[in-house]
Each structure stands twice: as C-alpha cells, then as structure tokens.
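Subject: Structure handover

Hello,

Please find the structure below, with the sequence alongside. My notes on it follow.

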Amino acid sequence: MRSAFHPLPLLLLPLLAGACSLATAPEPGAAPPPVRRELRGVWVASVANIDWPSKPGLPAEQQRAELLELLDLAVSLNLNAVVLQVRPAADALYPSPHEPWSEYLTGAQGRPPEPLYDPLRFAVDEAHRRGLELHAWFNPFRARHPTATTPEDERHVSRTHPEWVKAYARYLWMDPGVDAAQEHSIRVMLDVVRRYDVDGVHIDDYFYPYPERDSAGRVIDFPDEPSWSAYVGAGGRLARADWRRANVDRFVQRLYREIKREKPWVKFGISPFGIWRPGHPPQITTSFDQYDMLYADARKWLREGWMDYFTPQLYWPIAQTAQSYPVLLRWWVDENRRGRHLWPGNFTSRTALGDPPFWPAEEVQGQVYVTRGQPGATGNIHFSARIFRMNPDSLVEMLRAGAYREPALIPASPWLGRDPPGRPVVSLVRDTAGLTVTMEPTRGVSPTWWVIRARRGAAWSTEIVPGWRRSHPLRAGEVEEVVVSGVDRNGNEGGAQRIEAR
C-alpha cells in the first residue's frame with residue numbers, strides 16, 4: 001500500500017475547522033449549545049507488543065502502570081474510547097477458560113502474570129473510572145503470529161484441535177470453513193461479553209489470511225481442502241471463493257446476533273480493509289481485492305447492518321488521487337443503508353512509522369476535519385496508541401489545540417435501547433477553592449456520563465465527566481449558571497437541570 005504523499009494545503013485546514021467548530025455560546029439566558037457527538041478512539045495493539053505491554057514478561061505492576069499511562073494520555077487528548085486487543089492469536093490477555101495466556105503479556109504462552117491479576121478487568125475498571133469506553137478487540141481466526149517465539153501451550157487450539165488449524169506460510173490459522181472453529185471463536189468472545197463490562201466487541205480485517213507467496217513469488221492458496229471437500233460432498237453448490245465468503249458472512253452475522261442476545265447494549269464493530277473492491281468508487285485503483293483475497297464482503301455486512309459501528313481502514317492521505325481519504329469515506333457513507341455508525345480508521349502512526357515519506361501532523365488533523373465535515377460519518381479511530389506517546393511533529397499538541405480542543409460525547413445508538421437517565425438533582429457549593437457542582441441521579445438508570453455546561457457571560461464551556469462522580473470542580477472564571485444532564489451507555493441524553501450561581 002505504498003503511495004506518494006501530497007500534503008494537505010494549509011489554507012484548507014482553517015476552512016475545514018471553521019466549518020465544523022463548536023458552537024459559540026449564545027446570549028445569557030438562552031439554551032446552552034449542544035455537546036459535540038463524535039467517537040474519538042484509539043487502537044491499543046498487543047500483538048508483537050506494538051502498543052501494550054511494551055515488552056513481554058514485564059512485572060504486573062509495570063504492565064498496569066503502562067496501561068494507565070495510555071489511558072491518561074487518551075483522556076488528555078479528549079479521546080473517549082479505547083479499543084484494546086485482548087486476543088491476538090487464539091490466546092488471551094485475561095484469564096480465559098478456553099485459551100491460554102498470551103506470550104505477548106507474560107513472555108511464554110500459557111504462563112499467567114506474576115503476581116496474578118486480570119488485565120482486562122483492570123483495563124475496563126480504569127477506563128470507566130476515566131469516562132472512557134473500553135472495546136475488547138479480537139482476531140477471529142489467527143492462531144499464531146510470526147513474531148511468536150515460545151511453543152504453543154497445551155491448551156492452545158493447535159494442540160487441542162489440530163484438525164481446525166492450518167499452517168499458512170509463517171502463520172497458523174483456524175479454518176473459517178470448519179463450523180467447530182467458528183463456534184470456538186464465538187464462544188471465546190461471548191465469554192468476555194458475559195464476564196466483563198465491556199462497551200464493545202471489535203474484530204479487525206483478518207478473516208481468511210492476507211495472501212502469502214512462495215519462494216517463486218506465487219500466491220499460496222489457503223489449505224482448506226478438507227473442509228471444502230466436506231462441503232462439496234454434502235451437496236454444496238457454491239464456487240470455492242463464494243463458499244469462503246459465505247463462511248465469513250455466516251460468522252459475522254451470527255456473532256452480531258449472539259452478542260445482542262447476551263447484552264444488547266454491547267456494541268459490535270468491524271474494521272475491514274478500507275477498499276471494498278478495486279473500482280468502487282470508479283476513481284479508486286488498487287491491486288488488492290479483499291473480496292477475492294480475504295473473502296470479506298464488507299459492503300454486504302454494512303448494507304445488512306450486521307454491526308453497530310463500521311471502521312474501514314482508510315489509511316491513505318487526503319490529496320492522493322489513486323486512493324483518496326475523502327473519496328473513500330464518502331463512498332462508504334453512501335453504502336451505509338442501515339444508518340450504522342461510520343467511524344473510519346486512520347493511519348495516524350504514518351506520522352513516524354512505516355514507509356517514508358512520513359505524514360505531517362496536519363494530515364491527521366485534516367482527516368479528522370474531513371470526517372467531521374462528511375454527513376453520515378461521526379468519528380475516527382487512530383492506529384495506534386504508541387504514536388501519541390512518540391508525539392512526532394507535535395501531533396499531540398496540534399490535536400489538543402485544534403480538532404480535539406473540546407470534549408465530545410460518543411454518538412447515540414438508539415437502536416440498542418433508549419432509556420436515558422432522569423433529570424438530576426443539582427447544587428452548587430462555593431468555598432475558598434472555587435465553585436463545585438454536585439449532581440445526584442433520580443429515577444431510572446444511573447448515568448454513564450454527566451454533561452456539565454457552565455456559562456460565563458455569553459460564553460459556554462462543556463465538560464464530560466464519568467457518571468459515577470457526584471461532584472465536579474468547575475473551571476476557573478466567574479460562572480453565572482450551570483446546566484447538568486446525564487447520558488446512558490447507549491449515548492442517550494436525559495433531561496437537563498439548570499441552576500444559577502448566585
């Protein structure tokens with residue numbers, strides 16, 4: 001996916017920013033401005049220790065400290081969601097009854113952390129403490145990654161069910177054409193949905209593996225002859241490529257259905273390769289065809305609404321002709337017939353990693369503004385967390401001062417339920433430290449977030465704080481009135497309570 005980079009014209013950025021800036025406060029006594037609705041997510045990859053933990057086998061205390069650092073960085077950037085990879089290759093970064101501990105966590109597959117703790121429970125609790133959503137990210141069929149160095153544990157699927165697992169070049173891969181292999185992956189994900197208070201289940205772009213080549217440069221076909229022969233022997237009539245796509249379709253559709261059966265409020269998201277097929281839209285050219293190479297009919301899944309959010313990996317710059325970020329974004333929006341959330345994935349790490357030339361930070365900010373200006377797209381997920389720690393080209397400072405200057409609420413998902421919190425009981429306490437607002441829930445569900453708007457003269461400020469909080473100090477400045485409302489975990493905002501600061 002190498003491509004030439006053409007920097008976004010500097011004159012365009014202010015226009016984009018101005019077109020989508022937060023509303024300036026109206027005159028005193030008028031209604032406060034609405035809070036911005038925008039998903040601001042970041043992937044935290046564990047495979048190959050890309051993001052977390054930084055190295056395998058770190059002491060548990062250091063693992064926790066690194067994760068807290070990432071969560072605090074997300075909060076400082078006004079992000080609101082973290083997508084944490086908990087199953088990189090049929091292994092687990094949590095105590096699983098079905099799969100062994102991951103070597104990327106502990107240094108050897110099957111070895112528990114020392115001292116023992118539950119990283120996923122820790123991540124969920126600490127994310128929610130900070131008002132962040134935590135989505136559990138799974139790789140559905142990969143069973144071993146080339147960066148793995150330790151032997152497979154006796155509980156690994158390659159040992160317990162070798163008939164499901166195929167060696168494919170440098171990988172081990174579960175065959176999506178084996179019903180029992182699909183059942184196993186769904187069982188693993190549903191176990192997490194049942195036992196953890198995750199906000200989402202996320203799968204990436206690996207269904208059938210990306211094509212590998214032999215020493216002569218020929219593409220190696222995926223070795224699924226046994227499952228294909230069984231299908232044909234049972235009277236199956238689909239061509240082999242169509243059968244492979246049907247296997248993935250069946251998996252995606254069933255996973256969505258089963259998650260909703262367990263917990264309707266848990267969002268299901270998919271982040272496929274950013275181009276459905278070459279020539280769609282017509283000006284998009286690429287030699288890679290996920291439809292025929294990964295057997296992923298991502299457009300079908302979006303059209304059918306088999307997910308709650310769709311995150312196509314739009315890893316190309318704005319001004320590129322062959323693969324253009326805004327052109328692809330607009331095409332996916334047009335395909336979103338069920339009105340699901342469209343939150344494109346951004347190659348934010350290209351500001352320092354991968355093949356040069358690297359992108360300037362303004363390209364990333366420009367993509368956020370382009371997304372914000374495209375009706376039907378309501379957020380971004382950045383790959384990946386380590387780039388914010390590296391902070392090339394003052395990326396963090398640019399986003400803090402620009403696109404992410406103000407906080408944002410996760411967009412509402414009314415199809416998952418609509419039961420907002422009641423109007424809260426609100427009071428103001430003034431002491432030598434300043435002004436503090438207190439808020440108590442009333443009827444119905446407890447809020448997942450509080451939205452606190454404060455007016456100083458004609459200007460409003462907005463803060464979003466976790467719903468477990470019962471008080472919050474207000475920012476400096478002479479506050480004249482405060483408006484507080486609660487928001488449920490599906491993003492539905494309840495009635496607001498207004499109080500004057502006397």
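Predicted model: local features only at pLDDT ≥ 70, side-chain atom pairs only at ≥ 80, totals over all residues.

Thr351

Thr351 has 6% relative accessibility and therefore counts as buried, the limit for that label being under 20%. Setting aside residues up to four places away in sequence, Thr351 touches Phe358, Trp359, Pro360, Ala361, Val364, Ile387, Pro392 and Leu395. Ala74 is 277 residues from Thr351 along the chain, and their C-alpha atoms are separated by 18 Å.

Helix α11

Helix α11 covers residues 325-335, and nine of its 11 residues are buried. Among them are Tyr325, Pro326, Trp331, Trp332 and Glu335. The elements that cover these buried residues include α10 (298-304), β9 (309-310), β10 (341-342), β11 (345-346), α12 (361-372) and β12 (379-382).

Strand β15 takes in residues 449-456; eight of the eight are buried, so the strand is largely enclosed by the rest of the structure. In a regular strand the side chains alternate between the two faces of the sheet. In β15, Trp449, Val451, Arg453 and Arg455 point one way, while Trp450, Ile452, Ala454 and Arg456 point the other way. The buried residues on both sides include arginines: Arg453 and Arg455 on one, Arg456 on the other.

β15 has an antiparallel partner in strand β16 (residues 459-466), to which eight bridges join it. Within that pairing, Arg453 has Thr462 as its bridge partner. The hairpin of β15 and β16 has two residues between the strands, and Gly457 there takes a positive phi near 70 degrees. β15 also pairs with strand β18 (residues 481-487), again in the antiparallel sense, over seven bridges. In this second pairing, Val451 stands opposite Ser485.

Gly467 counts as buried because its relative accessibility is 5%. Beyond its neighbours within four places in sequence, Gly467 is in contact with Pro447, Thr448, Trp449 and Trp450. Gly467 and Gly486 are 19 residues apart in sequence, and their C-alpha atoms are 7.5 Å apart in space.

The second largest pocket

How much space lies in the second largest pocket? About 350 Å³. Its lining has 19 residues, and those nearest its centre are Val75, Asn78, Arg130, Pro407 and Ile464. β16 gives the most to this lining, with four residues. By class, the lining has 11 nonpolar, four polar and four charged residues.

Aromatic pairs

The structure holds 26 aromatic pairs. In one of them, Phe141 and Phe251, the ring centres are 4.9 Å apart and the planes lie at 55 degrees, so the pair is tilted. This pair links distant parts of the chain: Phe141 is in the loop between β3 (133-138) and β4 (142-144), Phe251 is in helix α8 (residues 240-262), and 110 residues separate the two. Both Phe141 and Phe251 are buried. Elsewhere, Tyr171, Trp173, Tyr206, Tyr210, Phe273, Phe288 and Trp316 form one aromatic cluster.

Regards

Definitions and conventions: Residues numbered from 1 in each chain as written. Heavy atoms only, no water. Buried < 20%, exposed > 50% of the residue type's maximum accessible area, 1.4 Å probe, protein only. Pairing = 2+ DSSP bridges. Contact = heavy atoms within 4.5 Å. 1 Å grid on protein atoms, 1.4 Å probe; cavity = no way out; pocket = protein on both sides within 12 Å on 5 of 7 lines; lining within 4 Å. Points joined across faces, edges and corners; volume = space filled by probe spheres on them. Nonpolar A, V, L, I, M, F, W, Y, C, P; charged D, E, K, R; others polar. Phe/Tyr/Trp six-rings, centres within 6.5 Å; stacked < 30°, edge-to-face > 60°.
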